[in-house]
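Thanks for coming. I have one structure to go through today, and I will keep it short. Please have a look at the sequence and the model first.

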Amino acid sequence: MQVSDTKGRLFSSKITYSPAAGAAACELTLAEMAGRIETLTGVPSLSQIEEWFSLLLLRQRDYEPYRMFTPRKYARNLIVRSPFAELLMLCWRPGQRTPIHDHGGSVGVVMVCEGLLTETMYERTPEKRVHPYNTFKRGPGEITGADVPDIHQLLNLQPKGRDLVTLHCYAPPLSVLNTYSPRSSRVGRWREGYFMGGAGI
Ligand SMILES: [Fe+2]
């Protein structure tokens, strides 16, 4: 889906659900969502993942085992991974952030569990650099989807003592991502590891 921004430029839609959207008759626990990912037989669509997230019954006791931080950079804690999708909990101390990146051909959905997430969207310039065109602030329960061409940066810009916890699903699982800079046309390659359940960071 394409929508236009305030300058009339077209870009992929940023679909956001309010917390109330999850109040449906059919709720999904974190374990049930992990089970769906484990038993996938194909790559789910962005709208399918967004539907799971909109139904998620988010309880801290369910995600507490994955709520782990590291001092050097944000922690990527693996909950489940199949050949078709992965589910992770990312934990961010104040100031921790991703590079400016795309998802290397995967789609992604993020739900804020605790704290305030800052997401800045970028577009390519004719000089092959990137330029920010929008910034979103998302609070607990809010969901955002990233389509294949989207370029963004996620940050915890909250003051000292305010942590951020977010739940992420990527389909297919992330492999090598492209990173971008406002100051250079060079496109970098970025392979993320896992803090828990994988190669480590
Ligand atoms: Fe991302």
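What covers the buried residues of α1 includes α2, α3 (60–63), β4 and β5. Helices here are DSSP runs of H or I of at least four residues, strands are runs of E of at least two, and both are numbered from the N terminus. Buried means that 20 or more other C-beta atoms lie within 10 Å of the residue's own; exposed means 12 or fewer, partly exposed is in between, and the C-beta atoms are placed from the backbone.

Before going on, two points about the source. Residues are numbered from 1 along each chain as its sequence is written. This is a predicted model, in which local features need pLDDT of at least 70, side-chain atom pairs count only at pLDDT 80 or more, and totals for chains, interfaces and linings use all residues.

Back to α1. Which of its residues are buried? They are Leu30, Met33 and Ile37. These three cover an arc of only 65 degrees around the axis, so they sit on the same side of α1; the arc is taken from the directions from the helix axis to the C-beta atoms. An α-helix has 3.6 residues a turn, so residues three or four places apart point the same way. On the face of α1 turned away from the buried side are the exposed residues Ala31 and Gly35.

Next, the core. The largest nonpolar core has 39 residues, and Leu56, Met89 and Met111 have the most contacts inside it. Elements that each supply at least two residues of this core include α1 (30–38), α2 (46–55), β4 (75–81), β5 (86–92) and β7 (107–114). A nonpolar core here is a set of buried Ala, Val, Leu, Ile, Met, Phe, Trp, Tyr and Cys residues joined through C-beta atoms within 7 Å. Another core, of six residues, lies apart from the largest one and has Ile100, Tyr122, Ile151 and Tyr180 among its members.

Now two strands. β10 runs antiparallel to β7, with four bridges joining them; strands count as paired if DSSP finds at least two bridges between them. Val110 stands opposite Thr144 in β10. As for β11, four of its five residues are buried, so this strand is largely enclosed by the rest of the structure. Five bridges join β11 to β8, again antiparallel, and Thr118 stands opposite Leu155 in β11.

Most residues other than glycine have a negative phi, and most peptide bonds are trans. Ala171 and Pro172 are joined by a cis peptide bond, with omega about -15 degrees, and Pro172 lies in the loop between β12 and β13 (176–180). Lys128 is not a glycine but has a positive phi of about 70 degrees. Lys128 is in the loop between β8 (117–124) and β9 (130–138), and is exposed, with 11 other C-beta atoms within 10 Å.

Last, confidence. The average pLDDT is 86, and 84% of the residues score at least 70; pLDDT is the predictor's confidence in each residue, from 0 to 100. Over residues 20–24 the pLDDT is below 50, and over residues 197–201 pLDDT stays under 50. Where pLDDT is low, the predicted coordinates should not be read in detail.

How values were computed. Contact = placed C-beta atoms within 7 Å.
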